[in-house]
Amino acid sequence: MEASHGHGQPPPAPSSSETLMAALLNVPAARLHPLVRALAADARRLRCRLAVLLLSPPHFARALARLRSMPLPAKATLLGRVLLRSLLLLLPELCPGGGDDYRRHHLLLQQPDLDAALLLLAMCDSYSPAASPSPVDWRAVIVDGVVASALSVSGLGATPWAALAPYVDAAAKCRRFADVVASSSAPVDRGAAKDGGWSGAASHAAVLALPAAAGDGAPCAICREAMAPGRRGVCALRPCGHRFHWRCALRWLARRNTCPCCRAELPAQDAAAETRRLWRAVERTARGGG
């Protein structure tokens with residue numbers, strides 16, 4: 001007799017961390033070692049940058065002032081983007097070109113936002129309401145947290161898992177964080193909903209990168225008017241290649257990041273929507289579908 005899961009109940013869905021680990025198991029071994037080295041180098045760079053902030057009162061004050069000037073939604077977006085960064089570094093194949101294309105992703109943080117994001121993450125990791133005085137001396141709290149982390153077993157480790165683990169943990173939080181943000185904010189455009197969630201506009205970078213295409217007289221799926229032969233006024237969506245009038249595609253992609261014909265997804269401008277798009281790719285990779 002076959003074993004059943006809870007009297008015929010389906011097995012529980014894998015956790016975010018389990019999905020990420022399954023996706024990593026499908027990464028070729030020849031690319032896994034360079035990935036571990038790249039993640040270890042990135043972690044060292046971020047630790048050095050955080051050390052600069054902690055050792056330089058002016059730098060720390062500027063980053064803290066920038067963080068305090070942000071409204072709560074902006075802080076949430078910043079946190080979502082820094083978690084998304086871990087997902088892109090862990091699985092760079094999620095970007096269309098693979099390899100180093102993730103470095104050009106439109107949601108990757110640059111200075112001074114990266115400093116503010118590092119400070120925000122350090123605050124989240126180090127703060128304990130019971131142990132911290134009021135008002136909080138954030139610099140002292142973060143220094144204590146960084147020292148404790150550096151002296152922990154994982155902080156002292158030099159194994160491949162020591163390099164992978166922080167990125168797996170942050171990437172798993174990335175999906176959960178996107179779900180929380182999506183559940184707490186109603187979509188602006190109900191027509192842009194897809195699979196029960198809001199997809200939002202396509203990223204500006206993806207729209208600007210659309211190639212021109214030759215019209216073949218076929219009707220545009222958006223306006224139903226013929227696309228006249230020639231290269232003027234017609235573009236092709238990536239990755240599917242379906243063609244539309246430029247004016248129609250721009251209006252469509254300002255509200256949705258999906259192809260009108262096949263629902264293929266372009267990168268999304270919104271961080272939460274882009275996280276959900278990338279996570280669907282992670283799940284396909286975990287199933288071995290690439």
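These notebook entries record what I looked up in this predicted model.

**Helix α5**

I began with α5, which runs over residues 113-126 and has 14 residues. From its first C-alpha to its last I find a reach of 20 Å, close to the 20 Å expected at 1.5 Å a residue. I then checked how covered the helix is: 11 of its 14 residues are buried, and I note it as mostly covered. Among the buried residues of α5 are Asp 113, Leu 114, Asp 115, Met 123 and Ser 126. Which helices do the buried residues of α5 pack against? I find α2 (29-55), α3 (57-69), α4 (72-90) and α6 (138-150).

**The crossing of α2 and α8**

I next turned to α2 and its crossing with α8, which covers residues 160-184. The two axes come within 9 Å and cross at roughly 65°. I record the crossing as left-handed. On the α2 side, the contact involves Val 36, Leu 39, Ala 40, Asp 42 and Ala 43; these meet Pro 160, Ala 163, Leu 164 and Tyr 167 in α8. By class, I list eight nonpolar residues, no polar ones and one charged.

**Arg 255**

My last entry concerns Arg 255, which I located in the loop between α10 (246-253) and α11 (271-286). Is Arg 255 buried, exposed or partly exposed? Its relative accessibility is 40%, so I count Arg 255 as partly exposed.

Note on methods
Residues are numbered from 1 along each chain as its sequence is written. This is a predicted model: local features need pLDDT of at least 70, side-chain atom pairs count only at pLDDT 80 or more; totals for chains, interfaces and linings use all residues. Side-chain values use heavy atoms; hydrogens and water are left out. Helices (H or I, at least four residues) and strands (E, at least two) are DSSP runs, numbered from the N terminus. The expected span of a helix is 1.5 Å times one less than its number of residues. Buried means under 20% relative accessible area, exposed over 50%, partly exposed in between (1.4 Å probe, protein chains only). Contact means heavy atoms within 4.5 Å. Axes are lines fitted to C-alpha atoms, for helices over the stretch in contact, and angles run from 0 to 180 degrees between N-to-C directions. A crossing is left-handed if the near helix is turned anticlockwise from the far one by less than a right angle, and right-handed if clockwise. Ala, Val, Leu, Ile, Met, Phe, Trp, Tyr, Cys and Pro count as nonpolar, Asp, Glu, Lys and Arg as charged, and the others, Gly among them, as polar.
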